Each structure stands twice: as C-alpha cells, then as structure tokens.
Amino acid sequence: MLSSIRLLTPVFVLALFAMTISLAAKPDRVNTAAGLAAWDQVYAVLVSPRCINCHTATNYPQQGDDRHRHFANVVRGPEGFGVPGLNCISCHQESNADSTGVPGGENWHLAPLSMQWQDVNDRPMSSAAVCRAVTDRSKNEDMDGPALLKHHAEADLVLWAWNPGRRPDGTMRTLPPISHQEFVAATRAWVEAGTPCPKGR
Amino acid sequence: MAKYRLTVNGSEKTVDVDPSTPLLWVLREELKLTGTKYGCGISACGACTVHVDGVATRSCVVPVSLIGKREIVTIEGVGSDPLGRAVQNAWVEKDVVQCGYCQSGQIMSAVALLKGTPNPTDKDVDESMGGNLCRCATYVRIREAIASASRQIKGAA
C-alpha cells in the first residue's frame, strides 16, 4: 500500500502542476482573445476612409469614401505637410469649413510613412500588418499602450474622424463604423490585454 | 452678419459680412482688391491664392471667420516685399503673361515657393506650382521666371 502511494505521488504532483499551469494560462488566453476581438474593432476604424486617407504609402493623400487621389496635384512633402506654395493648410484650416466643404482640424497633415496602413497600390494592409505597425515603437513615435489609448481618445485629428463636416455638396461625410466612445473602449480593452496582434502577414 | 478686423497688405480693415463668406469675396467685394481672381471656387485652380501669415492660401475656400488675427497679403501688396518684387520683375522679364487671369495666383504661389525653397529644382517647381492651373499653358515661362527670380535673390544676397 505504502509503495503504491510512493509510486503514485510523482504522478499526483505532476497532475497538480499541470492543473495549476492550465488554470493560470486560461485567463491569459481569454484575455488575449478579448484583446484580439477589441483590436478587430480598432482596425475597422483605422482602415475607414476618414482615417486611412491620410495614412498612405504614397506621396499624396486621398479623399472621399472611394479613397481617390487628392485633387489639385497635392503632394506629401518632406514632413507630410505639403510643400511651400501648396501646403495642407493652403486649404485646410483649423476647423471644418462647411460653407465651402473643405474639412479642417488642428495641425492638418499626413501621417508619417512609417504609419502607412496601405500598400503602394493604395490597398489597405492586413489587420496583422497594421497592428504590427501601430505597436512598433520605432514607427509609432514611441507610443506604448497607454500612449496609444490617449492618442485615440484625445488627438485632434483622431477626433476629427467623428466630426468630419460636410462635403462640398452639403451632405455629411461618412463616419467610422463605430462611435468614438466605442473606439476608445475597444482600444482600452486591447491595451489592457497587452496590445495583442493577429498572427499572419 | 458679423464684424471682422482683418490685416490686409499691412493695413487694418473692418468688414461686416456673413461668417461663412469666403475670404476671396471679402477681398474682392468688400475691400475692392480685385487682383485676386475667382477661378473655380473649390481650390482646384489656384487663381485665388493669397498669403495668410505667409502661407499660400486658396482664398475661395477659406471662410473669413477662420482667418482670426493672421495677416493677409494679396497680389496688390506682395511687391512691397523684396522677394515679391523680384518675382514680379522676373514675370515681366520673361513676359510670362498671356491672358493673365491666373497670374496673380501663380505669382503668390511662386513667392511662397521661393520663401521656403530659395533654390528650387524643377521637381520643387512642379510640386509647388502643380495646383495653379494656366489655360494659356504658360508653364514653361513660369518655370523660367521662377529660376530668374531665384537668381535675382541670390545676386542680391
């Protein structure tokens, strides 16, 4: 009897250890899954026209829901603010000009090329690729999770996406697929889960 | 209607207009500065270009309510600046103008280009002047005049 107990003890200890590992791992997996689900919501906003039109991989911004090239031969310029004689602020003021249909916001400019969310053929990048770019501190102006959350919650040009003003024909511009409140909540859930990124290219 | 105090070509002006009125129409209709032209009304042609705090700005799409305290310079005032004068001289020297309608906007954009880039390459000129259209196609002479103005500035420095 004693010998069988001695024989079983290592098995029991191993089983207990495995159970402990399993119980400890479960919340992480749940957390990651929830974080990835939250990222899906964040990604849906990032690739909406109000955001991605200024996150190009090319030397020009885009405009409209069909994301066509910005008219009037507008170019990116060395810092993303256009070029002398044809700056972004040649037209875009610090707020929307609804009487003329020109959108505006503080410090209107293109996102840096390191934050491109589309390829050179203007196709939106995959969820995994955008997530990698957004979380890469060498590309994202050194923002960690809390800084990303603050950026999504407070940055003027992010907020503009939910207040994009009227088109020249007087109709309202399309909004991102979820509200700003939902976007911030999704970002918070993603950040609290450790900013997980989907696998794949 | 609302009252706005504007600084235009160094002088203070007060206008009483609807806040949504584009700056272009304040300049042309209220202040009678008709050198700035209406071309397209949607910032696509550059004929209405003026400087707002030194930035080439399409006055047809900027409501007067968004100007604030920024200083406005139009084609009537740009010649008081040495660079502006150099560009106007180069325009005359190269006989750039054909019908002339777009040329005040062309000159205002060229001055802004040369302020930011005193020695522009052809690519710089293409990119900066790409939003200023000329139906007479005086583009070659515009390019020559910008190069000439650039040389004049260097010579004067």
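Which residues in α3(B) meet which residues in α5(B)? The legends below take up that contact and others. This is a predicted model, in which local features need pLDDT of at least 70, side-chain atom pairs count only at pLDDT 80 or more, and totals for chains, interfaces and linings use all residues. Residues are numbered from 1 along each chain as its sequence is written, while chains are lettered from A and ligands numbered from 1 in the order in which they are written.

**View 1. Helix α3 of chain B against helix α5 of chain B.** Helices (H or I, at least four residues) and strands (E, at least two) are DSSP runs, numbered from the N terminus. Here α3(B) covers residues 103-116 and α5(B) covers residues 139-156. From α3(B) come B:Q106, B:A110, B:L113 and B:L114. They meet B:I142, B:I146, B:A149, B:S150 and B:I153 of α5(B). Contact means that the C-beta atoms of two residues, placed from the backbone, lie within 7 Å. By class, this contact has seven nonpolar, two polar and no charged residues. Ala, Val, Leu, Ile, Met, Phe, Trp, Tyr, Cys and Pro count as nonpolar, Asp, Glu, Lys and Arg as charged, and the others, Gly among them, as polar. The two axes come within 11 Å and cross at roughly 45°. Axes are lines fitted to C-alpha atoms, for helices over the stretch in contact, and angles run from 0 to 180 degrees between N-to-C directions. The helices are therefore oblique to each other (under 35 degrees is roughly parallel, over 145 roughly antiparallel, 65 to 115 roughly perpendicular, and the rest oblique). The crossing of α3(B) and α5(B) is right-handed, the near helix being turned clockwise from the far one by less than a right angle.

**View 2. Helix α2 of chain B against helix α3 of chain B.** α2(B) and α3(B) pack at about 125°, with axes 10 Å apart. They are therefore oblique to each other. Their crossing is right-handed. B:L83, B:G84, B:V87, B:Q88 and B:W91 of α2(B) meet B:I107, B:A110, B:V111, B:L114 and B:K115 of α3(B). These residues divide into seven nonpolar, two polar and one charged.

View 3. Strands β1(B) (residues 2-8) and β2(B) (residues 11-17) run antiparallel and are joined by seven bridges. Two strands pair if DSSP finds at least two bridges between them. B:V8 has B:S11 as its bridge partner in β2(B).

**View 4. The hairpin of β3 and β4 in chain B.** β3(B) (residues 49-52) and β4(B) (residues 55-58) pair in the antiparallel sense over four bridges. B:T49 has B:R58 as its bridge partner in β4(B). Two residues separate the strands, and B:D53 takes a positive phi near 50°.

View 5. Most residues other than glycine have a negative phi. A:D122 lies in the loop between β4 (86-87) and α3 (127-135) of chain A. B:D95 sits in the loop between α2 (82-93) and α3 of chain B. Which of the two is exposed, and which partly exposed? With 11 C-beta neighbours inside 10 Å, B:D95 counts as exposed. A:D122 is partly exposed, with 16 other C-beta atoms within 10 Å. A residue is buried at 20 or more other C-beta atoms within 10 Å of its own, exposed at 12 or fewer, and partly exposed in between, with C-beta atoms placed from the backbone.

**View 6. Chain B meets chain A.** In this interface, 24 residues of chain B are in contact with 21 residues of chain A. β4, α3 and α4 (122-129) of chain B each give two or more residues to the side that touches chain A. α3(B) gives the most, with five residues. The chain B side divides into 12 nonpolar, nine polar and three charged residues. In α4(B), the buried residues are B:V125, B:E127, B:S128 and B:M129. Their cover includes β3 (82-83) and β4 of chain A, together with α3 and α5 of chain B.
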